[in-house]
Number of protein chains: 2
Amino acid sequence: MAKHWSRPATEALQADGLRITDLDTSATPGFKGDKKAGKELLAERTQVLSDLQEKLYANGRSGDSRSVLLVLQGMDTAGKGGIVRHVIGSVDPQGVDHAAFGVPTEEEKRHHYLWRIRKQLPRGGQLGVFDRSHYEDVLVVRVHELVPQKEWEPRYDEINAFERELVDEGTTLIKVAMFVSLDEQKRRLRERLERPDKYWKFNPGDIDERAYWPAYQEAYQAMLDRTSTKYAPWYVLPSDNKWFSRLAITELLVDALETLQLDWPPAKFDVTEQLRRLDTA
Amino acid sequence: MAKHWSRPATEALQADGLRITDLDTSATPGFKGDKKAGKELLAERTQVLSDLQEKLYANGRSGDSRSVLLVLQGMDTAGKGGIVRHVIGSVDPQGVDHAAFGVPTEEEKRHHYLWRIRKQLPRGGQLGVFDRSHYEDVLVVRVHELVPQKEWEPRYDEINAFERELVDEGTTLIKVAMFVSLDEQKRRLRERLERPDKYWKFNPGDIDERAYWPAYQEAYQAMLDRTSTKYAPWYVLPSDNKWFSRLAITELLVDALETLQLDWPPAKFDVTEQLRRLDTA
């Protein structure tokens with residue numbers, strides 16, 4: 001366990017039994033250091049993550065079918081994009097499969113909601129990251145009744161079965177729900193309106209969504225209660241502090257990669273013989 | 001133009017009239033600084049690149065269909081992967097479309113050689129990077145006569161037409177051919193055989209390919225002579241010095257992005273009105 005942590009992020013951020021409405025989104029569960037300590041530690045742990053990711057990639061190139069998939073969910077401004085940019089951005093792009101899931105296209109709408117998801121699953125050796133995911137189909141879809149309840153209701157079980165399948169195929173799922181407070185969201189939206197270099201991140205619809213906050217909280221709670229499984233647990237991340245979000249997700253990724261007990265793939269050739277061949281080539 | 005350069009990389013690395021057999025692969029054309037100066041400059045220019053890439057991405061998110069595509073070609077160990085890791089790795093993964101083209105799969109073989117390429121073209125706002133590309137179909141394919149000459153011969157014109165189409169659609173192509181000397185390649189292959197953490201990068205076939213060096217030089221020369229066009233020129237990069245490769249490609253990317261004259265996308269909404277709405281939301 002990295003320093004300043006009183007318990008691992010995998011424990012401190014567990015979703016089990018947690019009520020979202022009670023969540024302190026400015027907290028830093030499990031971490032005793034301050035922002036400065038957090039940033040210093042992040043720099044260290046980023047290197048650890050980068051080294052582990054290279055091993056995952058190396059094994060993938062050598063035929064290992066295992067992969068890691070980070071699933072990010074959260075309301076607008078929760079910081080999903082920042083995680084991709086700053087945490088995923090610290091590892092080799094060759095080993096990253098990134099996908100963002102927005103409003104489904106016309107083509108996607110004609111298919112099962114898992115169709116577009118399956119197309120973007122990480123290949124062996126890859127670190128996948130989903131910025132939003134199949135969970136949109138029990139979040140925004142539920143909140144806005146985009147399909148009737150009898151259609152979204154079975155999806156929780158279906159998603160559990162889908163993820164069971166992924167895990168059985170060798171994918172480690174790290175599901176993180178990021179939460180900011182309504183006030184913090186307002187601050188972040190205001191920043192997007194006050195800085196011309198951030199206008200492009202703003203959508204007037206983001207303000208409309210604020211009226212649905214309680215409905216979203218309910219939908220998120222149901223998601224946590226019904227799809228946090230032993231094989232694919234949810235982590236709940238208080239996200240008012242960006243430095244903590246980045247540090248905590250780095251720790252979750254490091255933990256997942258360490259659990260795979262990766263080593264450098266052994267040579268599939270006779271090293272001495274190849275060295276001899278090379279000498280005269 | 002960045003400091004220490006006597007002329008821009010876009011000029012210094014021009015392929016026109018260049019004979020590969022005369023190339024000094026340890027040279028640093030256009031750059032007068034040493035390794036230390038190069039590394040310092042790279043740190044600075046990386047930040048410039050990252051800022052420009054964010055603007056490209058922002059514009060893409062706002063409907064701009066323009067994109068940038070870096071095409072990397074080079075023999076084994078020339079450093080293509082290092083460019084992806086260190087140069088492309090310095091920008092936001094959300095804005096990167098990375099594709100590596102290896103030996104075609106069975107499915108790919110059943111299609112036209114451009115089929116798999118078209119599937120991986122960067123979307124608007126994205127920085128695409130091809131680690132190998134459609135040029136394999138006039139390089140390894142020509143050297144090993146994987147198809148008869150009457151089949152690969154028309155590909156040069158076909159590729160020019162294909163790239164003309166990409167450029168007309170708003171893609172800026174940056175095609176870089178990376179060259180190391182036979183000796184430098186031997187050193188790099190030996191390192192892969194001497195370090196267990198690099199075994200996975202080694203393939204005994206890489207040694208066999210060394211015997212085809214003159215044939216590859218011929219195929220690369222034909223590629224440069226026949227597919228370096230005004231709208232999609234080739235750059236020839238002496239690649240024995242990794243620091244120079246990274247710096248030079250960073251400069252080529254910065255130049256391409258600057259040429260697009262990107263600005264932050266304007267607001268598509270009334271900022272004052274949205275600020276007022278936000279206040280009460």
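1. In which loop of chain A does A:Ser228 lie? In this model, which is predicted, A:Ser228 is placed in the loop that runs between α11 (213-227) and β5 (234-238) of chain A. The side chain of A:Ser228 reaches across to the backbone nitrogen of A:Trp234, at 2.8 Å.

2. The relation between the two copies may be stated next. Chain A can be laid on chain B with an RMSD of 0.0 Å, by a turn of 180° and a shift of 0.0 Å along the axis. The two copies are therefore related as by a two-fold rotation axis. The same surface serves both copies, in that 100% of the contact residues of chain A recur in chain B.

3. On the extent of the interface, 44 residues of chain A are in contact with 44 residues of chain B. The area buried between chain A and chain B is about 4100 Å², and carbon and sulfur atoms give 64% of this area. A:Arg85, A:Trp200 and A:Leu278 supply 20% of the area that chain A buries against chain B, which is more than any other three residues supply.

4. As for the helices involved, α2 (35-61), α3 (80-86), α9 (182-194), α10 (204-210) and α13 (271-279) of chain A each supply at least two residues of the side of chain A that touches chain B. Of the elements of chain A, α13(A) gives the most to that side, with 6 residues. By residue class, the side of chain A that touches chain B divides into 22 nonpolar, 8 polar and 14 charged residues.

5. For a specific pair between the chains, one may look at A:Arg190 and B:Asp279, whose side chains meet in a salt bridge with an N to O distance of 3.2 Å.

6. Over all chains, the count by this rule comes to 48 salt bridges. Among them is the one that A:Glu184 forms with A:Arg188, the closest N and O atoms being 2.8 Å apart. A:Glu184 and A:Arg188 are separated by about one helical turn, because they are 4 residues apart in helix α9 of chain A. Both partners are buried: A:Glu184 has a relative accessible area of 12%, and A:Arg188 has a relative accessibility of 8%.

7. Another pair in chain A is formed by A:Arg195 and A:Asp197, whose side chains meet in a salt bridge at 2.8 Å, N to O. Here A:Arg195 counts as partly exposed, at 34% relative accessibility, and A:Asp197 is likewise partly exposed, with a relative accessible area of 22%.

8. In chain B, the pair to inspect is B:Arg142 and B:Glu218, which form a salt bridge with their closest N and O atoms 3.6 Å apart. This pair links distant parts of the chain, since B:Arg142 belongs to helix α6 (residues 140-143) and B:Glu218 to helix α11 (residues 213-227), 76 residues apart. B:Arg142 is buried, with a relative accessible area of 17%, whereas B:Glu218 counts as exposed, at 51% relative accessibility. Residues up to four places away in sequence not being counted, B:Arg142 touches B:Trp152, B:Tyr156, B:Glu218, B:Ala219 and B:Ala222.

9. Which residues do salt bridges with shared partners join into one network? The network is made up of A:Glu54, A:Asp92 and B:Arg85.

10. A:Glu258 is partly exposed, with a relative accessible area of 44%. The C-alpha atoms of A:Glu258 and A:Asp92 are separated by 18 Å, while the two residues are 166 residues apart along the chain.

Note on methods: Residues numbered from 1 in each chain as written. Chains lettered and ligands numbered in written order. Predicted model: local features only at pLDDT ≥ 70, side-chain atom pairs only at ≥ 80, totals over all residues. Heavy atoms only, no water. Contact = heavy atoms within 4.5 Å. Buried area = accessible area lost by both parts, 1.4 Å probe. Salt bridge = Lys/Arg side-chain N within 4 Å of Asp/Glu carboxyl O. Nonpolar A, V, L, I, M, F, W, Y, C, P; charged D, E, K, R; others polar. Least-squares fit on C-alpha atoms with pLDDT ≥ 70 in both. Polar contact = N/O pair within 3.5 Å; in protein donor to acceptor, adjacent residues only side chain to side chain. Buried < 20%, exposed > 50% of the residue type's maximum accessible area, 1.4 Å probe, protein only.
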